[in-house]
Structures are given as C-alpha cells and as structure tokens.
Amino acid sequence: MTDTIAPPLALLAELTHRCPLQCPYCSNPVRLAGASGELTTAEWQDVLAQAAGMDALQVHFSGGEPASRRDLVDLVRHAVGVGLYTNLITSGVPLDQTRVDALAEAGLDHVQISVQDVDDANGDRVAGMAGAQRKKREVAAIVQRAGLPLTINLAVHRQNLDRLPAMLDMAAGLGAARIEVAHVQYYGWALVNRDSLLPSRAQLDRATEQVEAARVRLAGAVVIDYVVPDYHARFPKACMGGWGRRFLTVTPTGLVLPCHAAESLPGLDFPSVRDGSLAEAWLASDAFNRFRGTGWMPAPCSGCDHRERDWGGCRCQAFALTGNPAATDPACSRSADHTLLDVAIQDAQTEPPAFIYRRIGGMPA
Ligand code: SF4
Ligand code: SF4
C-alpha cells in the first residue's frame, strides 16, 4: 500500500496550545497540553526539515497561538530555509511592529488573522479577552505595512452571524486580499458549546446570500472563501481533503495526526515524532492507514458515487455524534444517523446557554 500514497501537501504545525484568547469554538482538544511538554526548537526544526524532505509544500504555523512561542521567528526562518511556503495562523494579539518586521525579515509568506466580530464588545466577549478586537485591527495594519499578504478569518456562528455584511466590509477595509468566512465546525470546544453557537437554517440561508452579495460588491479586490456548517448541508465536506491524503498535523507535544481534532478518536495509537520519523507516521502507521482511501468504508459510503469526493466525511464528527469513528458521517443525508443533526438543530433554537470558555486544565468541574 505504501507505494501508492502521495506525499502530504501541507504540515499543520501546532506549536503550542497556549493562547491569550479563550474562544468557545476553539478546535483544539478539550484536554489542552501545557507548555512543559512542548517540542523544543530543535525538535520543531527537525520536523520542518522532515516535512520538506517528504515533498510537502507548505507549513501552517498554528496553535493555540503560535506567537506564544518565543522561537516563532527562528522556526519561520528555518521553514523558509528548507523550502516550505510559510503561513502564520494567528489571533494577532501577541504581535507588534517589532515581531511582525522580524517575521517578514525571516521570510514569512502569509498571515491569517482571526476576527470575532465587528462589534468589539461582542467580539471581546466571544474571545474571552477585553481589547482583543482593537488589538487585532492594529496588528492587521502592521501586517499590511510590512507588505505581507493578509487573510482575515471570520469564524461565524449564531451569536455574530447577523452582522456578517459589516464584518465582511471591515475585513476588506483591513486590507485582506482574502476573507475566509468559516462557520464553526462542531468538534473540540465547539461541540461542548454547540447549543450556544449553532445557527438556524434561516440565519445560514441569509448568510449565504450575504456572502454572494459581498463577492459581487468586493469583486477584484478580495477573494471570499465560504465554509458552510455540515449540520445544514446535504453531504459532508471532504474533511481535510480525505484522511491521510493531503495534510498532516503535529501537535505541541509531537503527536502526528491526520487532522487537528483526531486525538478525540478512541482506539488509534498516534505516532510521535519523538519515537519515529514523519514519513513512517504518514506512510506506515495504523492511525494514518485506518481511514485512508475507501476500503474501510461501511455502507452506504462503500457503494456511493460520492465516496472519492468527500471520503466519507469527518471521522471526528462521526464519533462525536454516534460513538463510532468508522460510521458514515451523520452530516450526510444518506446516513442512518442523519436525524441526530435535526435534534441538535432543534436544541440550538432555544435561549443560548452561557459559553464554556476554552482553558488549559480542561472543562470546569
Ligand atoms: S480559536 Fe481562539 S482560543 Fe483557539 S487557538 Fe484560535 S484564537 Fe486561540
Ligand atoms: S454516503 Fe458516504 S460517501 Fe456517500 S455522500 Fe454520504 S458520506 Fe459521502
């Protein structure tokens, strides 16, 4: 089997789980890693060199907040040196002029900043940090001045979606060449907070129209990517472009995962870069081969004409909703479990419960 496996397109390097924000939709695991177990600078440099050696093209520095690592500039410089395209996925909050200039000088190719709302009070409430939205706008301007291409990520949900047109205009005004409107996906902390975040069908339909209108309004200036929530779709997304097909993630402590949420799955022994090579993990580990391709699929996926388009959807979502990581993703209208989503949508129409904020140490008791 190994000789037919293509190299990964990109490495998602989750440098740390530390983050000054506490977003209740964070895709990090509910059990976050503390600083003491994080890979060292030398270990990360080795991971980056290995990824380039496997013919990966890109590295996305992520977290947590990757700028919480003091060695971020060194890691970017190293990634550039081994030939990777470098993207920084950041909240923006810990950055300033000096740090952005140093990142640009190190060769960083692209910056992606997440913004929670156009309404600062609500955005700061969602982020769990006073002053966060103002700081993000300041950092976006610094990134612009440094000449780095900028994407603004708008994570949208029930509690900000009604301001989407203004959010899009704000993102365009910040100088983004690309805006990513990403509906929250329900795993990690977002699953814990699903009833507070899941939009209604009417909200979603309105948002889709608003994105289309903004694409016309901002044509030629900004590209808008739009990710709809699986809960309101007919078919699931090709999660990560298919398990073990395009992406690999290395966690702050060195586990190698096919997707950033895969640690939630039971019965998979994820390899570590501290015990073996990235190539062994990609090519030969049971964890990567378990759901790769179509051979593992149950009915109805096994006989479905979409199976090489969506690769059976999301394993984490299948497990979160059915308890079985090998089940057809319930987001699919052909799944026997699809009604579970109708129940969730119903549950999310009542008064939203208070957020349970992301924090190291896990859920409050
Ligand atoms: S989603 Fe929010 S809390 Fe999670 S890493 Fe990103 S900025 Fe930090
Ligand atoms: S049955 Fe499986 S392969 Fe077919 S559309 Fe649904 S999730 Fe995709």
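**View 1. Strands E3 and E4 pair in the sheet of this predicted model.** In strand E4, Ile113 is the bridge partner of Thr90. Strand E3 (residues 85–90) and E4 run parallel and are joined by 4 bridges; two strands pair if DSSP finds at least two bridges between them. Strands (E, at least two residues) and helices (H or I, at least four) are DSSP runs, numbered from the N terminus. Of the 6 residues of E4, 5 are buried, and the strand is thus mostly covered. A residue is buried if 20 or more other C-beta atoms, placed from the backbone, lie within 10 Å of its own, exposed if 12 or fewer do, and partly exposed in between. Residues are numbered from 1 along each chain as its sequence is written, chains are lettered from A, and ligands are numbered from 1 in the order in which they are written. The model is predicted: local features need pLDDT of at least 70 and side-chain atom pairs count only at pLDDT 80 or more, whereas totals for chains, interfaces and linings use all residues.

**View 2. The open sheet has 9 strands.** Their order is E7-E6-E5-E4-E3-E2-E1-E8-E9, and the pairing is mixed. Strand E7 (223–227) and strand E9 (256–257) stand at the edges with a single partner strand each, so one side of each has no neighbour in the sheet.

**View 3. Strands E5 and E6 run parallel, and helices pack on the sheet.** Strand E5 (residues 150–156) is joined to strand E6 (residues 178–183) by 6 bridges. Arg178 in E6 is the bridge partner of Thr151. Helix H6 touches strand E4 (110–115), E5 and E6, and its direction makes about 165° with that of E5. Helix H9 touches E5, E6 and E7, and its direction makes about 165° with that of E7. Axes are lines fitted to C-alpha atoms, for helices over the stretch in contact, and angles run from 0 to 180 degrees between N-to-C directions.

**View 4. Helices H6 and H9 cross.** The axes of H6 (residues 164–173) and H9 (residues 201–217) come within 9 Å and cross at roughly 35°. Leu164, Pro165 and Leu168 of H6 make the contact with Ala207, Gln210 and Ala214 of H9; two residues are in contact if their C-beta atoms, placed from the backbone, lie within 7 Å.
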